[in-house]
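This report describes how the parts of one structure are divided and how they touch. The sequence and the structure come first.

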Amino acid sequence: MSRIQVSCTVNGDSVDFLCDADGSLLNALRDELGLTGIKEGCGTGDCGACSILMDDELNCACLIFAPEATGTTITTVEGLADGDHLTPLQECFLEGAALQCGICTPGFLVAATALLQHNPNPTETEIRYALAGNLCRCTGYDKIVRAVREAAAQMREASA
Amino acid sequence: MTIAEDPATTSPGYKWVGTRMIRPDGFEKVTGRARFGADIKLNGMLYGHVLRSPHAHATIVSIDTSEAEKMAGVRAVITGADFPDPSGPAGDQDLQRNVIAREKALYEGHTIAAVAAQTRAQAKAAAEAIKVVYEVLPHVMSVDEAMAPGAPLLHPKLMTKGVDPAPTEPSNVASRAVYQGGDLDLGFAESDVVVEGTFTTKPVHQGYIEPHAAVADTTPNGRTTLWCSSQGHFTMRSLSAKVLGWEPSKLKVIPAEIGGGFGGKTTIYLEPLAVRLSQKAGRPVKLVMSRDEVFRATGPASGTKIVGKLGFKNDGTMVAGELWMAYEAGAFAGSPAGAGSMTALAPYTVPNFLIEGFDVVVNKPKVAAYRAPGAPMSSFAVESLIDEAAKKLGIDPIDIRLKNAVTEGCTATYGPKFPRIGFVETLEAIKNHPNYQIPLGPNQGRGVASGFWFNAGLNSSATVHVNEDGNVIVVTGSPDIGGSRASMALMAAEEFGIDAARIQPVVGDTESVGYNDQTGGSRTTLATGAAVIEACRKVIADLRGRAAKQWDVALEKVEWVDGQAQHVEGTQPPLSLADLARGWNRTGGPLTASAALNARGVGSAFSTQVVDLEIDPDTGHVTVLRYLTAQDAGRAIHPSYVEGQLQGGVVQGIGWALNEEYIFDRNGKMENPGFLDYRIPVASDMPMIDTIVVEVPNPGHPYGVRGVGEVGIVPPLAAVANAVDDAVSRRIRDLPLSPVRILDAILNKDS
Amino acid sequence: MKYFAPSTVEEAAGLLAQPNTKVFAGATDVIPQIRAGRPEPDALVDLKKIDRLVSVQRTDATWVIGAATPTTRLTGNAELVAEFPGLVEAAGLIGSDQVQSRSSLGGNLCNASPAADSVPAMVINSARAVIATANGGTRTVAVEDVPVGPGRTTLAPGEFVVEIEIDRPPARTGDAYLRLTPRTEMDIAVVGAGVRVTLDESGTVTDARVALGAVAPTVVRVTAAEAALIGSKLDDVALAAAAAAASAACNPIDDKRGTIAYRTHVAGVLTRRAAVIAGQRAAEKNGASR
């Protein structure tokens, strides 16, 4: 079986990788590009641990065939911070103890980033529904919702 | 919401304990750098795939791996025959048979064989090419079926333990546990009100988001390194060694970060398979479960059937309690029926009681620990019955619990006397909270329940090194599931009197630190924390000695204050940690100390919770409006992560109460092995979890720690059921309280 | 396996002429199905690179929605939301925000799940599926004529849905779709009910459509419920009659997600509630919507 070459932009870098036609983008990003910050919790789009931004849209990498990434621009959790300069969301997750084991955290950070990009001032309910595609079994969501709310406030203040 | 917001109010005299430092491993975890089990990749690594039984119960007639072995990329194929014949205690034999089936497949998903190949696809294809001939046997899927006369037997030699006279015939009942006191008949005769009912719960999964993963690398000279995500790498070492027939020392286990466990990662599944495949292939091998495999093959919590009866005086005094409880063990003995029996009535002073707990094997995956294992189910029955009694007696649900609550000096139903405990304080915290007074609207209900958990001590070791720059490394062997590195850093900072940021907590591998039992039983902050404190104190004693040497004074003249050695009379300029580290060449060499202990002074935990919910009377759908939990933490070392444990336990309990359940078809196959139809709560299902951290210090721990991980999951089952009853006047004794079940109860009043 | 991403309908049709070739839009069902062991096709054809399949257009009379258009583009289209709030809400219920970047009306329809949320909502709006045929042409059928059972459609081998056509609603028309799921999100409908009504100036229902999901092997249009609503002012009697008709039209199964009794009862409940919402929406659209 011949493999398919895919060229795309990931976290600002132009990259190429080889994949099978039916390979998932999740496996390609993890195995071929070493971006293991993206997690597989279910492989069926039901947990959000593999959340990425593809052409600025929130996606589960496990629900994308790897060849579909051709020509796209992808952001993963590894691409959120600027070196050791964390984003307000990352800072607020740490300050607010919005993670326990940390396996779901990359997905939540990417999904919350997507939320705040199009809704800088979400209500608690909006945050909860926007993050409903991301499962967390440790926190009961309380501290995650608070962290997102706090990050949104900080970001609004910074841009005001 | 918490009373621990201001450290000054909760941590008298402490500078670091009770504060909210950013966790030391935080940066790695918000940037995707932290390496979990499935993230490990080695040069030349092969990928494994496990072949699992499609049958709930079947004799394995034959396994033919010859085709699979010839397939492209395949480097190793193993079956049960690649492991030593099971020997030793029954529990060890069961462990081995659960890791890989031998004579029989005992549940759908039971491991039959495994393959290692160059790619995942090759491994999967080869596993599917293994030819297994099964002779399908009748299966039993509930305690009723398993305990029925003439039931198909899972284990032909299983004799019930704990019955007198000992049985002469095998059965599916592995054991019976009994706790009793007083005179039950007299107790019920004295009762003014008796409440009784039969309660059932379904198996539920721990639902950690990270599937199990293991990578093994066995070198030709027999040294093996195993990377896995678990709640205790020393336990993974000893259990894997048992299955492999090795001495534990032959294995080095390196802990990966663990993506949730909740008790479910306290045993082995993939680890010995990866080792044997690696040994056979001569290459590193990685095994990772799919979510489907996690559901089908790893430990859920027991499904249960509990028949309960409680007797009360008119003033609310509980005078009699009788419980018959059967817990599904899954395919091998070892349900938490015993713990469920011990915890059931533990929060209350009931003079006359009889509690029987049965451990029953069924054709389902072997159960594993899940947060306060066994307690939520028995508590569901007891706390539902107490609620019924309170309603009958016209007593407030908090007051009836206050009336019967155990306090210091009371003898628990399971035997020991309680030291200082904080149960009453949790009840009062709820009663005095504004949430408890909020008026409810139509179809809304409020439910109260309490819960108890022992907490554990067990074995912990820690090593503390002072670096040459005066910073400190704290090595423990307890995997950090929920922020324990931060707790260790805070306790060490408190001991040394230095900034917690100068402490680097490390989770060491099995060759870098002394033995540690698992992160479980709510024990890590208590027991591993105690080891850290002891090791710190040894280093500090050493530091004082070095200062005394440097100053040429008696040891008594040196005290350790705020991170430095001071002369009690102030005749010498103080020596900081960095000063003493710099001078260690002259004073005796590097500064390091270890401590190892079997922790005593365990402090039990209590939680009281109240939920307000609303029911759509036409669909049975439940909306949780607000939730309040009050739990005695003893001392919150890092209040944020304590609150997180309380909140997480509550939400797992709500999931258990409302929607989570294993669903099996007629053939014993699980119908919902994914997160779509196994419905753990999502963010939009939940309100904020209002949290009161009660602090009644545990006299058995230097800082008063009790352990906080588990008890939070005990009350929600009954709290939610009690609230449903309050909302729509329907006492439902079967979980989950799904819309289907609630609507049925509403429409069929007599049920 | 091979992967193709054609840029025209004709090219896609040509690829589909090969045996054991499967089209996909968002793949949100295809990938889990392959994972669960469903036989793999020899080739996958990605429809999302065909402009016509990922566009939303409105003419004077009709909306034309590319079959593979991600539902985020529907929920983000204010004009579409204004005219078909029920349809867009239904489309917006398919999965999480992550899934919404991939899910589509065409995919939801052709996956042929009895519980597909957007299908009852399309049916009440008399939506049509434009199907590319194997001979290079197209044919147009009513949406309810596409699914024939769980996972099965009337599409012949080589055919695929190109777009969904929906006539713009008359004045004083409102639609609504409600579903019951145990969780608030990330769930599959145990029951779904869509209702569309058109009112006259006095508030009397002049036209009605009622369709149910997850209560039979395919979407169920409930003409008896429609008849109960037409001529009424959505009073209690009419609503109760519509609810009873909806319950009577159910032919559900007991399964892991619900029981026959539950689905039958709740179909009536949701039909009634959806009718009330649709009526309110219709009343708010006092003027012509075009």
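Chain B of this predicted model has two assigned domains, domain 1 (395-455 + 603-747) and domain 2 (457-599). Taken over C-alpha atoms, the centres of domain 1 of chain B and domain 2 of chain B are 38 Å apart. In the contact between these domains of chain B, 17 residues of domain 1 meet 14 residues of domain 2. Helix α19 (residues 639-658) of chain B supplies the largest share of the domain 1 side of chain B that touches domain 2 of chain B, namely three residues. By class, that side of domain 1 of chain B holds eight nonpolar, seven polar and two charged residues.

Chain A is likewise given a domain assignment, with domain 1 (4-79) and domain 2 (88-159). The centres of domain 1 of chain A and domain 2 of chain A, taken over C-alpha atoms, are separated by 22 Å. Their contact involves 13 residues from domain 1 of chain A and eleven residues from domain 2 of chain A. On the side of domain 1 of chain A that touches domain 2 of chain A, strand β3 (residues 51-54) of chain A gives the most, with three residues. The residues of this side of domain 1 of chain A are eight nonpolar, four polar and one charged.

The contacts between chains are listed next.

| Contact | Residues from one chain | Residues from the other chain |
|---|---|---|
| Chain A with chain B | 43 residues from chain A | 44 residues from chain B |
| Chain B with chain C | 17 residues from chain B | 15 residues from chain C |

On the side of chain A that touches chain B, the elements giving two or more residues are α2 (88-95), α3 (105-118), α4 (124-130) and α5 (142-159) of chain A. Of the elements, α2(A) gives the most to this side, with four residues. The side of chain A that touches chain B comprises 22 nonpolar, twelve polar and nine charged residues. For the side of chain B that touches chain C, the classes are six nonpolar, six polar and five charged residues.

One helix of chain B remains. Helix α11 (residues 337-344) of chain B is largely enclosed by the rest of the structure, because eight of its eight residues are buried. The buried residues in α11(B) are B:Ala337, B:Gly338, B:Ala339, B:Gly340, B:Ser341, B:Met342, B:Thr343 and B:Ala344. What do the buried residues of α11(B) pack against? They pack against the strands β7 (173-181), β16 (318-330), β17 (352-361) and β18 (444-453) of chain B, and against α12 (375-393) of chain B.

Notes
Residues are numbered from 1 along each chain as its sequence is written. Chains are lettered from A and ligands numbered from 1 in the order in which they are written. This is a predicted model: local features need pLDDT of at least 70, side-chain atom pairs count only at pLDDT 80 or more; totals for chains, interfaces and linings use all residues. Two residues are in contact if their C-beta atoms, placed from the backbone, lie within 7 Å. Ala, Val, Leu, Ile, Met, Phe, Trp, Tyr, Cys and Pro count as nonpolar, Asp, Glu, Lys and Arg as charged, and the others, Gly among them, as polar. Domain bounds come from an automatic or database domain assignment. A residue is buried if 20 or more other C-beta atoms lie within 10 Å of its own, exposed if 12 or fewer, and partly exposed in between; C-beta atoms are placed from the backbone.
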